[in-house]
Amino acid sequence: MMKKIKETYLPLLNRTEITYEINHPKQPTPRKETIKKQVAAELKINEDLINLSKVIANFGTSKTKVVVEVYRTKEDLQKLIKKNKKAKENGKEKSEEQKA
């Protein structure tokens with residue numbers, strides 16, 4: 001069972017960030033693919049426009065907090081995700097150089 005906690009529109013990034021709380025009694029934490037399908041069904045949009053930003057599960061509880069980014073277009077999603085991945089990769093390369 002999903003419960004929407006917070007919804008924020010970010011016009012500069014052309015996306016909406018939505019925070020959900022998922023209750024899953026006596027079951028393991030839901031898989032990312034399952035969460036994505038549930039969000040897409042609830043919002044009635046394509047799964048390709050959704051990025052799971054965070055999945056926070058506390059040990060011993062049956063509640064999981066999920067932060068989802070919903071983009072207007074697939075191009076917006078690809079631009080921002082690629083930038084974030086490149087920045088992370090560059091950061092890893094720099095930290096490896098510093099270790100050597």
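In which sense do strand β1 and strand β2 pair, and over how many bridges? This is a predicted model, and in it β1 (residues 2-10) and β2 (residues 15-23) run antiparallel, paired over 8 bridges.

Now for the charged side chains. Opposite charges can pair when the charged atoms come close. The structure has 4 salt bridges. One of them joins Glu7 to Lys4, with the closest N and O atoms 3.0 Å apart.

Move on to Arg15, whose side chain meets that of Glu69 in a salt bridge at 3.4 Å, N to O. Arg15 belongs to β2 and Glu69 to strand β4 (residues 63-71), so this pair ties together parts that lie 54 residues apart in sequence. Here both residues are buried. Glu17 comes into the picture too: Arg15, Glu17 and Glu69 are linked in a network of salt bridges.

Finally, find Lys74, which forms a salt bridge with Asp48, the closest N and O atoms being 3.8 Å apart. Lys74 is in helix α2 (residues 74-99), while Asp48 is in the loop between α1 (32-43) and β3 (50-57), so the contact ties together parts 26 residues apart in sequence. Both ends are partly exposed: Lys74 at 39% relative accessibility, Asp48 at 38%.

Note on methods
Residues are numbered from 1 along each chain as its sequence is written. This is a predicted model: local features need pLDDT of at least 70, side-chain atom pairs count only at pLDDT 80 or more; totals for chains, interfaces and linings use all residues. Side-chain values use heavy atoms; hydrogens and water are left out. Two strands pair if DSSP finds at least two bridges between them. Helices (H or I, at least four residues) and strands (E, at least two) are DSSP runs, numbered from the N terminus. Buried means under 20% relative accessible area, exposed over 50%, partly exposed in between (1.4 Å probe, protein chains only).
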